[in-house]
Every structure is written in C-alpha cells, then in structure tokens.
Amino acid sequence: MVNELREAAGKLLDDGKVDLVIGWAKGSLPLASTPVFISSSDEADQLVFDSTCGNNLTVYFTKDNKKISRDRKKVGIFVKGCDSRSLVLNITEKQLKREDVTIIGVPCSGVIDTRKVRRKAEGREVLEYSQDGDTVTIKGKEFELSVPLEELLSNACLSCLRKDAEEYDLFIGEPRKFSGESDPYSDIEEYENLSADERWERMNEEYSKCIRCYACRNVCPSCYCNVCFVDQNDPQWIGKTPEITDTMIFHIIRNLHIAGRCVECGACERACPMDIRLLYLNRKVAKEVRERFGSDTGTDLDQKPAMADFREDENQDFIMG
Amino acid sequence: MSEWQPKILAILCNWCSYAGADLAGVSRMQYPPNVRVVRIPCSGRVDPLMILKGLQSGFDGVLVSGCHPGDCHYISGNFVARRRFAVLKPLLEFVGVEPDRVQFSWISAGEGERFAQVVTKVTEDIRKIGPAKRLVKGA
Ligand code: SF4
Ligand code: SF4
Ligand code: FES
C-alpha cells in the first residue's frame, strides 16, 4: 500500500494537478509518525501510512496553518475516514474550496493511542513498533511483545463507523462503506445511567488533571476561530486557571463550540498530555446532535452544520411547558 | 441566621420575555423576589458561557426566556437558541449538574401572568434541590 500511496502522490505532483501533498512520514520516535509536506515527486518516498498516523491533517487548512495551503493553488491531502469528514465540514463552512483540494483516501484500520502502547510495555521504553495485519509487535531493550491491534487502538477508533473517506478524488485500495449496524454510543449510555453524583465525581477526577495547555484545541481542525474564547481578555468571560470550575467550563464551552462540528477523530484526546478521556463529552454532544437533529457531521457537502440550522417544528421537550 | 434563599439569574429577551416581566410588574402580580433579571436583545444572543458564568459566580439557578417560536423579533433567533439549549441542557446533566438548575421557557410580552408562574415554578424547583455547589467557584 505504501508504494501505491507514494506513486499516487508523485503522479499528482508530476502531472501538475497539485503543487503540495500533505501526508504522514515516519517520525523520529517509533510510536508517532509526523505530518509531512511534499512538493516534488522525488520526496514522495517519505510518505507512509499505518496505525501511527493519528494526526488529522485537515488542521493544515485552518488557523495559522492556513498559510501552508494558502500560497499554493492546489493541495493534495491524505485522509482517513475521520480526516475526510473534517475536510468536508471545513468545506461546508467555507474554509476552503472543494475544487482546490485533491482528496486521497487511505484505508484505515484505526490508529493507536501511544499511552495504551506504553501501558503494555509497562514503562519500558519502546524502540520499535511494527504492524502485520491485526497484530502489532513492540520491541525494546530486552523485551518483545506481540499485541492485537484492537487493544492499542485510540478510543475514537473503537467506536468509528466510517473508517474510510466517502468524499475523495482518489482512493488507495478499496474504500469500505458506512457500517451503520452497531450502536456507537453504548459507552455514553452506560455513563448516562450512573448517578449524578458519580458522574460529577468522575468528571472532576478527569478534568482536574487539565493544565490548560490547549493542545486539544490546537490539533482540532474544527477549532479555528482567529481569537479563541479562552484567549479573549477584554471582557474576560472565562477563568484561565487550572481551577476545576474554570477548567470544566472551558471544556463544556469548547464542546458546545464544536457541537455538530466534531467528527470524533480523537486527535484531541491523543494530543492531551494529561491523558484526559476527552471524548466522553465530545461524544455525548455528538450523540445529542445526531439524535435530535439527525445530522452526521462531515458526511454531506450540501448540509449546513447542525448548530447553524434549525427546523421550526423541532422537539422542545426540554423547554418549560 | 436567616433561611437560605435561592438566587436566580433570569436572562430575558428584550422584545417578549422582558416585556412579559414588565407587564407582571405593572400589573402588580406577586412572584418570588429571587430573580435578578438581565435583559438581552434576543434569546439568540445567549452565549452558554453567560449561563455557566452565572452558576460559577454564585447563582443557584438560571432561567433563560425568549419569544415563542415564530415570534422572535429577529425571526429565527430563538430557533437557533433552541438548538443550543437542546445540547447544553443534556450536556450539563451529563457532567452531573442537576437538571432543574438551568431552565428555558418562552414568554410573550402579553404573558405577565405566565412570567409570574414560571418564576414561581423555577424558584420552587431550585429551593427543592438546594444551593448550587457544582461549577460554583470556591464551593
Ligand atoms: S474535538 Fe477532538 S475529536 Fe472532535 S474534531 Fe476536534 S480533535 Fe477531532
Ligand atoms: S490537551 Fe489536555 S491538558 Fe491540555 S488543555 Fe486540552 S484537556 Fe487540558
Ligand atoms: S427577540 Fe425574543 S427571542 Fe429573539
């Protein structure tokens, strides 16, 4: 597959269809590949794709990163299923034009959460990571482990129903269709069934770890305001301290800002240095949006984002009678 | 020490609910004195941050009210607001905030009586669940 991927990128560049390809390359550490920007076909052999390619590259079309794609007319980008939904969302929000981007889908079988790998290694340093089908081999000094990929996958991938891009110009291999059978939100339902006290306790435990580094926001392709609400000082609506109510309010509001816009790619959770299970809130919001407004983020180029839309006769059972 | 009284923030849209509150006042209707009213142009102007900031800084409950669907002065402000509240409410419950802490209603300029009823109901609900502790700074 890697060869096909490199060839495809090289050909697009040689044919002048694009003048930049954004993809992933092997990183300097074994567990994380790194984003790479390829502008000529002889650099294309840097490209890779495997379960360490967790970055949602659509972020390079947003925020300050826009300058990377702005100076070039035509950009090619490699996408997993979730990344492609981010791209579609950003197109519907007029952050970029569909015709300016060449979308290359890659078959995704999930990306790893490096913390799960480290846990398996029990604190020993991982020096080598390789994958063969559904089995992963981790090597370090004086140890070698073979683990099913499933056990290392990012939480976001465990509940993902659309693993492959549905909007693309080119696909490496055969894209799989939407697997709509299973209930992706069973864990959220379980959580809803806990008592309010317990939910509050658990949220406190999780979010009290937050150090307000904003890595979660920075990696998110849906978070692209020029001035984020947390950076506004005048008037200052939100406390910037890691005190628990300030932190919780930050996360609640961030989740409302990405309501109907989060594609559940899990990039935020993987980026968090404090190992916070961020997706609980994201997915609760996504579940509400899906159930109430019937919209599935980033799957339709003609759909307005849910929170910018409405129907007059909508359910309003939460409003006092 | 005197008995605890709930302190409630009421965020009311200028064209309907605020006028409804005004009507309740000029008609000398009785309702609990626990609400502090903030007037905003439209329910569509309500940023959920206002609601959370209210709780964080010591209000025991928040009521947000706008024009009835179809009656918004800006046509669709309350429709957009409704979607926002539809997500905010379950999200707050999800983190463990009591369901009655934050409530929403539609009150028109002619519904002074309804305003009095809503405020009475919200005050009673919040009296029942007691002082706010969650998301309250320093609690
Ligand atoms: S909030 Fe997290 S999961 Fe959702 S789109 Fe942003 S990075 Fe992806
Ligand atoms: S990345 Fe983690 S620690 Fe940093 S602001 Fe987000 S949740 Fe908090
Ligand atoms: S003006 Fe009352 S809700 Fe818009």
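The model is a predicted one, so please read every value here as computed. Chain A and chain B bury about 3800 Å² between them, and 13 residues surround ligand 2.

**Chain A as a whole**

- Chain A contains 11 helices and nine strands.
- With a radius of gyration of 20 Å, close to the 20 Å that the globule rule gives for 321 residues, chain A is as compact as a globular protein of that length.
- Along the principal axes, the C-alpha atoms of chain A fill a box of roughly 65 × 50 × 45 Å.

**Backbone details worth a look in chain A**

- A cis peptide bond runs from A:Asp234 to A:Pro235, with omega near 0°.
- A:Pro235 sits in the loop that joins α8 (215-218) and α9 (244-257) of chain A.
- A:Lys94 has a positive phi, near 60°, although the residue is not a glycine.
- The loop between α3 (81-92) and β5 (101-105) of chain A is where A:Lys94 is found.

**The interface of chain B and chain A**

- The size of an interface is often given as the accessible area lost when the parts come together.
- Here that area is about 3800 Å², with 72% of it on carbon and sulfur atoms.
- On the chain B side, B:Arg82, B:Arg83 and B:Phe94 lose the most area to chain A, together accounting for 24% of what that side buries.
- The contact draws 43 residues from chain A and 39 residues from chain B.
- Three salt bridges are found across the interface.
- A salt bridge joins the side chains of A:Asp246 and B:Lys137, at 2.9 Å from N to O.
- On chain B, α2 (48-56), α3 (77-95), β4 (102-106) and α4 (112-129) each supply at least two residues of the side that touches chain A.
- α3(B) gives the most to that side, with 16 residues.
- Sorted by class, the side of chain B that touches chain A has 23 nonpolar, six polar and 10 charged residues.

**Around ligand 2**

- The closest of the 13 residues surrounding ligand 2 are A:Cys210, A:Cys213, A:Tyr214, A:Cys216 and A:Cys272.
- The shell around ligand 2 divides into 11 nonpolar residues, one polar residue and one charged residue.

How values were computed:
Residues are numbered from 1 along each chain as its sequence is written. Chains are lettered from A and ligands numbered from 1 in the order in which they are written. This is a predicted model: local features need pLDDT of at least 70, side-chain atom pairs count only at pLDDT 80 or more; totals for chains, interfaces and linings use all residues. Side-chain values use heavy atoms; hydrogens and water are left out. A residue is near a molecule or strand if one of its heavy atoms lies within 4 Å of it. Ala, Val, Leu, Ile, Met, Phe, Trp, Tyr, Cys and Pro count as nonpolar, Asp, Glu, Lys and Arg as charged, and the others, Gly among them, as polar. Contact means heavy atoms within 4.5 Å. Buried area is the accessible area (1.4 Å probe) that two parts lose on being put together, summed over both. A salt bridge is a side-chain nitrogen of Lys or Arg within 4 Å of a carboxyl oxygen of Asp or Glu. Helices (H or I, at least four residues) and strands (E, at least two) are DSSP runs, numbered from the N terminus. The radius of gyration is taken over C-alpha atoms; the globule rule is 2.2 Å times the number of residues to the power 0.38.
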